[in-house]
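Open the model in your viewer and keep the selection panel at hand. The stops below run from the whole chain to single residues.

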Amino acid sequence: MESAVPERKPRPGPPGGEPADGPEPPRRDFIREIIDEHNRTGRFGGRVHTRFPPEPNGYLHIGHAKSICLNYGLASEYGGKFNLRMDDTNPQKEEREYVEAIIQDVRWLGARWEGMRDDDPYAGVLWASNYFDQMYEWAVELIKKGKAYVCDLSPEEVSRTRGTLTTPGIESPYRSRSVEENLELFERMRRGEFPDGAKTLRAKIDMAHPNLNLRDPVVYRILHAPHHNTGDRWCIYPMYDWAHGLEDSIEGITHSICTLEFENHRPLYDWFIEAINEGRTEDGSGPWGRKIHHPQQIEFARLNLTYTVMSKRRLLELVQGGYVRGWDDPRMPTLAGLRRRGVPPEAIWEFCRRIGVSKVESVVDIALLEHCIREVLNKVAPRVMAVLRPLRLVIDNYPEGQVEEVEALNNPEDPSAGTRKVPFSRVLYIEQDDFRDVPPPKYWRLYPGNEVRLRYAYFVRCTHCVKDEHGRVVEVHAVYDPATRGGDAPDGRKVKTTLHWVSAAHAVPIEVRLYDYLFTRPDPDDLSDEALRAAESAGAAEMRAAQQESKPDWKRNLNPNSLEVIYPAYAEPWLQSARPGDRFQFERLGYFCVDPDSVLAEKSDDASGPPARPRLVFNRTVALRDTWAKIAAKL
C-alpha cells in the first residue's frame, strides 16, 4: 500500500533570520527526487529522518554547514526528524572541547535536533559510543554466522595484501579460523589481553571483489586509549564503515546522506546490515530475532571553496603551528571563525541554498559567499562612520568651539531603524585616501580647489594642506558653505563625491583588524577530511603517503598579509555602546563586527568618576566591493 507523500513545508532558516519560506524555495535536486520516490512507494512509511554525524576531532567548517543545512533542511521540509550525533569512535583524536564547539556551532547555525532544549546544550545529542554494546553483539553475531574472523596481520600487512584495482587481494592465513576460535580471540581482544595492532576483527567477504572496500575490511581494531564518553571500558573500537550504518539503523535514519568519497563504501554499508539481517525475520520469529532497520545511503558532492582548505587535519595543523590564532580565528573557514568575523547564519543558509546539491565535484568561488554575506548585512547592519587611516581636516571658517549635531540614517534599507545624532565640529578626521595634493586623472575626492560633500553635513572646498619635514600630508584645510547643511546646495550645484568623517574631539579610538584570504592562491592544494578518512577505510595508507610526498607544501601558499591591525582608527561616539558580536556597516569601508577581545567600559576606581573609555576591537567581515556581482554579470 502506497503511503501518502507528506506535504513539503517551507524551507528552514536560522532563528531571527529571513522568513523560513524566504524569497526563493529550495532548489530541486536528485536527493529530493529520491525522497519523493521513497515517499510515493512507501519505502519508509512516508518518514524522513536525517542526521548530522560529525566526528569530534576538530571544529566544524563551512563544508559541514552545507551538510547541516541539507540534512536539517530536508527533515524540516518533509516534516521529519533530524538527529545530531557525535561519531565518537576514535578516542585518540576526539576531545570534549570539540564536542562543545560542535554543539554550539549547530545551534548557532539554527538547526534543531530531536530532544534539543535551550537550558541544556547536551540535551538530545546522540553518541555513537552509546551504541558500542550493541555493535559488539552484532560483531559476535557475524562471527557466529561465519562472516567475520580475527586476523593477526599487522595494519601494514593488511594494506599490502589487499591488492589493487587490477589485481586481487591475498587471503589472510587466519581467514579459516573456526567460529569457536574467533569467538574466543575476539572476547580476549575485548578484555585487553593483546597490545595495540596485534589483532583485528575482519569481515569475511571476497578478497577478489572489484571494490577494494569489500576485500575483508577491518571491523574492529585494538586501541588502549581512554574515551571521552566511555572512559576505560573499551579497548577495541569499531571502524567507521562498520559503525556508520549501524548507528543509522539504531536511530531509525531513513536517508543517510554522505559526501561522494563514500560512494564506493555504500556496498559495504549495505553488506553489513544485510549480513546482520541474514536469518532474521520481520516478526522476530527466526533464530536471530527481528530484522534491523536498513537506511538508504545517498552521496552528494562536498563543498570546495577557493582560497580555503576543507580538511580538519590541515586546519588543526594551522592552529597547532601558530599560523592562526586558534580555531575561531576570523581567517579560518570554521563556523566559529566565521561567527567571530561577523558572518550571520542567514548568509550561510542562503549560500548553501544557492550552491545547491549535485553529484558533480566543483569549486565554488568564495566571492559568492561574500555576496551572500553582503546581501544579509545590507538589510540589517546599522550604518556608522569610522575612519581607519585618519587625516586631520580643519574647516577654517567654522566657528572654534562650536559643536552641532547632524542627523544620520541608521539604515537606509530599513526605515524603522530610525536616525541618530552625530557631532560635527571644526576639526574632523577623514581617510588619508580621500585627499591628494596632486590628484590623478578621474580623482573626484578632496584636493586643492575641489569641493565635496561631507556625509549628512556640508559642502567643503579644499584650500591647502600642511606637510611634515618628509613631505607627507598631515593636515588638510578647507572652508564650508553654511547653506549646504544636510548635504544639498540651495543654488543647485552638484559635487561628485561624498566623504565620511568623524569629529576629532568626539571620536572613539578603536582597533580594526582587516582580514584577507588566508591563502594567496585559489587552490591551496588541499585534500578533504572526508577523502582522507575514505582512503584510510580502504587501506590506502601507502598511496596516500605517496600523494602527500609528491605535492608541494600547501602552507607555502599562506598569505603573509592575511591580517592587518590598525590602531588607532576612529569612530563616531555612538559606537561606545557596542558589544561583542554586534555588526555594523562602516560607511564606504565595509561590514565590521565587534570582536570578543574588546575591553568594554567599566567604572574607574573613583566610583563617582566617569566610566573608563572602552577599547573596542572590530573585525572586518567583508568589504563593500561586491566582486561576485561583477562576476555574475559576465556569466
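Helices and strands here are DSSP runs, numbered from the N terminus; a helix (H or I) has at least four residues and a strand (E) at least two. The model you are looking at is predicted.

**Whole chain**

Start with everything shown as cartoon. The protein chain has 15 helices and 25 strands. Colour by burial next: of its 635 residues, 55% count as buried. Positions 24 or more apart make up 73% of them.

Select glycine 197. It sits in the loop between helix 6 and strand 5. Helix 6 covers 179-191 and strand 5 covers 200-203. Is glycine 197 buried, exposed or partly exposed? Its relative accessible area is 30%, so it is partly exposed. Show its surroundings, leaving out residues up to four places away in sequence. Glycine 197 touches Leu153, Ser154, Pro155 and Ile222. Draw a C-alpha to C-alpha distance to leucine 153: 8.6 Å in space, for 44 residues in sequence.

Step back to aspartate 196, which lies in that loop between helix 6 and strand 5 too. Aspartate 196 has 42% relative accessibility and therefore counts as partly exposed.

**The largest nonpolar core**

Move to the core side chains. In soluble globular proteins, nonpolar side chains tend to be buried together. The largest nonpolar core here has 44 residues. Select Ile62, Leu84, Val106, Ile348 and Phe351, which have the most contacts inside this core. Then colour the elements that give two or more residues to the core: helix 2 (62-77), strand 2 (81-86), helix 3 (96-109), helix 10 (335-341), helix 11 (345-355) and helix 12 (366-380). Which helix gives the largest share? Helix 12 does, with seven residues.

Zoom in on isoleucine 348. Ignore its neighbours within four places in sequence. Isoleucine 348 is then in contact with Ala65, Trp108, Leu109, Leu335, Leu338 and Val343. A second, separate core has 38 residues, including Phe194, Leu201, Leu223 and Leu268.

**Two helix pairs**

Two packed helices are described by the angle between their axes and the distance between the axes.

Select helix 1 (residues 30-41) together with helix 2. They pack at about 35°, with axes 12 Å apart. The crossing is right-handed. Show side chains at the contact: Ile31, Arg32 and Ile35 of helix 1 meet Leu70, Leu74 and Glu77 of helix 2. Four of the contact residues are nonpolar, none is polar and two are charged.

Now select helix 7 (residues 240-251) and helix 8 (residues 266-277). Their axes come within 9 Å and cross at roughly 65°. Helix 7 also passes helix 8 in a right-handed crossing. On helix 7, pick Asp241, Trp242, His244, Gly245, Leu246 and Asp248; on helix 8, pick Leu268, Tyr269, Phe272, Ile273 and Ile276. These residues make the contact. They divide into seven nonpolar, two polar and two charged.

**Cysteines**

Show the cysteine sulfurs. How many disulfides are there? The count is zero, by a rule that asks for sulfur atoms within 2.5 Å. Select cysteine 465. Its nearest cysteine sulfur, that of cysteine 462, is 6.7 Å away. Cysteine 465 is buried, with a relative accessible area of 18%. Cysteine 235 is buried as well, at 9%.

**Backbone stops**

Finish with the backbone. Go to strand 22 (residues 563-571), where proline 568 lies. The peptide bond from tyrosine 567 to proline 568 is cis, with omega near 0°.

Next, select tyrosine 307, in the loop between strand 9 (296-300) and helix 9 (312-320). Its phi is near 60°, a positive value in a residue other than glycine. Tyrosine 307 is partly exposed, at 23% relative accessibility.

Last, select lysine 442, in the loop between strand 15 (427-431) and strand 16 (451-454). Lysine 442 has a positive phi of about 60° and is not a glycine. At 73% relative accessibility, lysine 442 counts as exposed.

Definitions and conventions. Residues numbered from 1 in each chain as written. Predicted model: local features only at pLDDT ≥ 70, side-chain atom pairs only at ≥ 80, totals over all residues. Heavy atoms only, no water. Core = buried A, V, L, I, M, F, W, Y, C linked by side-chain atoms within 4.5 Å. Buried < 20%, exposed > 50% of the residue type's maximum accessible area, 1.4 Å probe, protein only. Contact = heavy atoms within 4.5 Å. Axes fitted to C-alpha atoms, helices over the stretch in contact; angles between N-to-C directions. Left-handed = near helix turned anticlockwise from the far one by under 90°. Nonpolar A, V, L, I, M, F, W, Y, C, P; charged D, E, K, R; others polar.
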